[in-house]
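Open the model in your viewer and keep the selection tool at hand.

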Amino acid sequence: MRHKKVLLVDDSTTALLMEQMILRNRADFELIVARDGQEAVEKTLAELPDLIVMDVVMPRMTGIEACKQIRLQDHTRHIPIILVTTRGEPENVEIGYASGCNDYVTKPINGSELITKIVDLIGAEEDAKQ
Amino acid sequence: MSSQTPETAPAGGSIDSVSKSIPQQIQPQDHAEQDGEPNHEATAQALEQERSALEQTVAQLRTEQQQFLERYVGLEEQNSALTTLYVACQSLHCTLDRAEILLTAREIIANLVGCEEYVLFSVAPDGWLIRVDSFGLDTQVYEKLPPDAGLIGRAVTTGEICQIEEGGGGRAADLEANLTACIPLKHNGVVTGAIALFRLLPQKFELQNLDHELFRLLQTHLAHALHCSELQQRVGAKNGVGA
């Protein structure tokens, strides 16, 4: 079975390492990384990942803007996106959903929660394809 | 007549032992049938005993399942905690560049602890606390603090990590109004600085056990990392490189 390709996007080295450790430890994913929204959009077009985990506050292009850009492209609009938000207040979460994300997690990241959401979204995407 | 019908023959070691005892339980029925008088009462009693034994086995298996589940959850938590501590340690020691170490400390506080206001102080030779880095706070207010003042001063004096209880006393007026914890940084047993954590992120209601582990890690590892970066700077200056 093909490994699921997951794109991790964060400008923080620590957050990125944490996400990589969580996904490496618990599941069989192929991981690719990007350090800002602009790079995330470019890598999404080039790599067509199965899922994207993306921070919101980043230089050059925010996660919200990158999410909108990814949803505008025919090739990438279907890819599930989980936004990683620093603040979990409803207004911030609504902005995330309005940009087109499928789900969100808040910092500090809970590994089990992130894995569950990734598996749920990848599963739902597989069901939609069939 | 076999007592083990497909319905009453469960899989698994514990249930097998129950099943093996069933032929003896229904012996009265066999005798009765040989006499031409079926003993329905004995059969019902045997089946009732069988049901009771199976219920006990199921309850036992459920208990074991619950124990395994709790153990799994515990291991998952342990794994998650170790991952967090590994990431913090790895990030602090992967560079000798002071600016990168300070950025890493910020990231650990924001991303792994979940705090949105923080100040990192160094202890000056006269004992005053000098702000080295901060975020989310008015830098002017925390630029320089006197020794022994408030809970931050006490933590630096005693060298003990201080977690502030809600409504607890001893705070230095407005300066420590939202203080959550203070971590004195120690190098070779000497307090060289301190981290003051103020407001936590809105979704983080209180400090967890893992946060205390992170504080203990920061207490020594951040102090060592900063000390190593200073040595590196001195060596660089001596050799006429960087600094």
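**Stop 1: the sheet of chain B**

Select B:L129 and then B:L145 in β3(B), which stands opposite B:L129. This is a predicted model, in which local features need pLDDT of at least 70, side-chain atom pairs count only at pLDDT 80 or more, and totals for chains, interfaces and linings use all residues. Residues are numbered from 1 along each chain as its sequence is written, while chains are lettered from A and ligands numbered from 1 in the order in which they are written.

Helices (H or I, at least four residues) and strands (E, at least two) are DSSP runs, numbered from the N terminus. Strands pair if DSSP finds at least two bridges between them.

Now show the whole sheet: six strands in the order β3-β2-β1-β6-β5-β4 (chain B), open, with antiparallel pairing. At the edges are β3 (144-145) and β4 (162-163) of chain B, each with a single partner strand, so one side of each has no neighbour in the sheet.

Axes are lines fitted to C-alpha atoms, for helices over the stretch in contact, and angles run from 0 to 180 degrees between N-to-C directions.

**Stop 2: the sheet of chain A**

Move to chain A, where five strands form an open sheet in the order β2-β1-β3-β4-β5, with parallel pairing. Its edges are β2 (29-34) and β5 (103-106) of chain A; each has a single partner strand, so one side of each is left without a neighbour in the sheet. From one strand to the next the twist averages 20°.

Select A:I52 and its bridge partner in β4(A), A:I81. Four bridges join the parallel strands β3 (residues 51-55) and β4 (residues 81-85) of chain A.

**Stop 3: between the chains**

Select the interface: 18 residues of chain A are in contact (C-beta atoms, placed from the backbone, within 7 Å) with 19 residues of chain B. On the chain A side, α1 (13-26) and α5 (111-129) of chain A are the elements giving two or more residues. The largest share, eight residues, comes from α1(A).

**Stop 4: a residue of chain B**

Finish at B:A196. Leaving out residues up to four places away in sequence, B:A196 touches B:Y118, B:V119, B:I152, B:L179 and B:C182.

Key. Two residues are in contact if their C-beta atoms, placed from the backbone, lie within 7 Å.
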